[in-house]
Amino acid sequence: MSRADLVVVANRLPVDRVVSEGGESWRRSPGGLVTALEPVMRKPDRAWVGWAGQPDLDIAPFDFEGARLVPVALSASEIEQYYEGFANGTIWPLYHDVIAAPLYKRRWWEVYVQVNRRFAQAAADVVEQGGVVWVQDYQLQLVPKMLRELRPDITIGYFHHIPFPAYGLYSQLPWRRQVLEGLLGADVIGFQRQADAGNFQRSVRRVLRYTTRSSEVVVPSAEGEPRVAIAKAYPISIDADAFIRLAQDPDVQARATEIREQLGSPKTILLGVDRLDYTKGIRHRLKAFGELLEDGRLSVGDATLVQVASPSRQRVDAYAELRDEIELTVGRINGDYDTMHHTAIRYLHQGFPREEMVALYLAADVMLVTALRDGMNLVAKEYVASRIDNSGVLLLSEFAGAADELTSALLVNPHDIDGMKDLIMRAVEMSPGEQSRRMRALRRRVLDHDVEDWSQDFLTDIEKVRRVRRGA
Ligand code: F6P
């Protein structure tokens, strides 16, 4: 098998398997991670190691759009215990401030170790001598250390897409030491916000007793000289130009007009776009909107909320319960307030292609991002990039990573329902002048720092380490 100079390792491959009468084919998957790494993968000599998204698929490496894809096979029980279990039933809720209760199951941990080892081995087999492996996200926190043991010649990066919790929460994890050691196998460890990097460093000091200074962690080595790992923030972004191009497309603009008409031409369209996840604050948002209707501060003729909630992790109990709760709430609010012409909430438990999403962004006067905790939240950046005429209002949770950058949004504490109601009214009533002033500042930030800058910043730091190692 040919080897690659840069290998991305992520839980999922960047493609979805499509089986039709004509046989098996692969289609590029829509997610943010795939878009984020697109500029990196476009270059020659790249490989991507990941799971093909279905159980027991034992597929040989293959080429897709110029890159080598290396599938990692997972059995149904590994998916249950590594992905649904440890990744999404333990780490995900713990790292999102225990919004849902994390479960600490020893069997899940064992399978997480076993699966991380498989990913590490697959990456070790495909990276060339002195190459780079870039590990993505919380599903694979042990891979950096495992890789370093397998391939001491390579340079290793890790990017953490979700929050890293405060030590008081992190310390609950029965395997807190192993996870930190796993991450510290990397030469560069990237986080979304400075606060995440700070939380990580504090845990490293408290649990491992290692020294940290500024963005450096001193990692002792049994063989001799200690090593320095970089741990700092590299806020991820979007391909802003791609959103601008779509927003300028007359077909997309016509679709936005059509959406407004199909909703009964309300004065204001409010929009929420999320994976159906308890971290996203969808229930809090529905509560605030429902109360505004109840209080008579809004009516269905004035305002419709479009809520796109794309299906996610449906076999994990907390997600199935959340879906039931949300659908009950939507049904109640619509039952109480819908008329023959207008609906209170147009709820869509579906995913949509990017064209349709941009049409929705163009149709929406107010974008509601009310996450209780979120690593970054790229929807906020997508909305801003799409508002090419500088109109529209972004209401953004203080607890989303994007709030560090998008300071001209209306920042909201989603736990404060009365505060959120007042801010929704402020957004609905905001003058065109204020909208434009705020939106210009927001767009400047998103356009100045797009996803290509993100990957370049990270890989530049990786290259510095690689050069020093080569010199040594
Ligand atoms: O950003 C968090 C994340 O888990 C990514 O790693 C992943 O690409 C995305 O959310 C979707 O999650 P899942 O792969 O569990 O559907």
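1. The structure is a predicted model, in which local features need pLDDT of at least 70 and side-chain atom pairs count only at pLDDT 80 or more, while totals for chains, interfaces and linings use all residues. Residues are numbered from 1 along each chain as its sequence is written.

2. The protein is divided into domain 1 (4–236 + 452–471) and domain 2 (240–448), with bounds that come from an automatic or database domain assignment. The C-alpha centres of domain 1 and domain 2 lie 31 Å apart. Their contact takes 16 residues from domain 1 and 15 residues from domain 2, where two residues are in contact if their C-beta atoms, placed from the backbone, lie within 7 Å.

3. On the side of domain 1 that touches domain 2, the largest share, three residues, comes from helix 2 (residues 76–95); helices here are DSSP runs (H or I, at least four residues), numbered from the N terminus. By class, this side of domain 1 has seven nonpolar, six polar and three charged residues, with Ala, Val, Leu, Ile, Met, Phe, Trp, Tyr, Cys and Pro counted as nonpolar, Asp, Glu, Lys and Arg as charged, and the others, Gly among them, as polar.

4. Around the ligand stand Asn11, Arg12, Gly31, Leu33, Asp137, His161, Ile162, Ser312, Arg313 and Gly375, a residue being near a molecule if its C-beta atom, placed from the backbone, lies within 6 Å of it. This shell has two nonpolar, five polar and three charged residues, and at least three residues are drawn from each of domain 1 and domain 2.

5. Helix 8 (residues 240–248) and helix 13 (residues 378–386) pack at an angle of about 50°, with their axes 8 Å apart; axes are lines fitted to C-alpha atoms, for helices over the stretch in contact, and angles run from 0 to 180 degrees between N-to-C directions. The two helices, helix 8 and helix 13, are therefore oblique to each other, since angles under 35 degrees count as roughly parallel, over 145 as roughly antiparallel, 65 to 115 as roughly perpendicular and the rest as oblique. Ala240, Phe243, Ile244 and Ala247 of helix 8 make the contact with Glu382, Ala385 and Ser386 of helix 13.

6. The axes of helix 9 (residues 250–262) and helix 12 (residues 354–363) come within 8 Å and cross at roughly 60°, and helix 9 and helix 12 are therefore oblique to each other. The residues of their contact divide into eight nonpolar, one polar and three charged.
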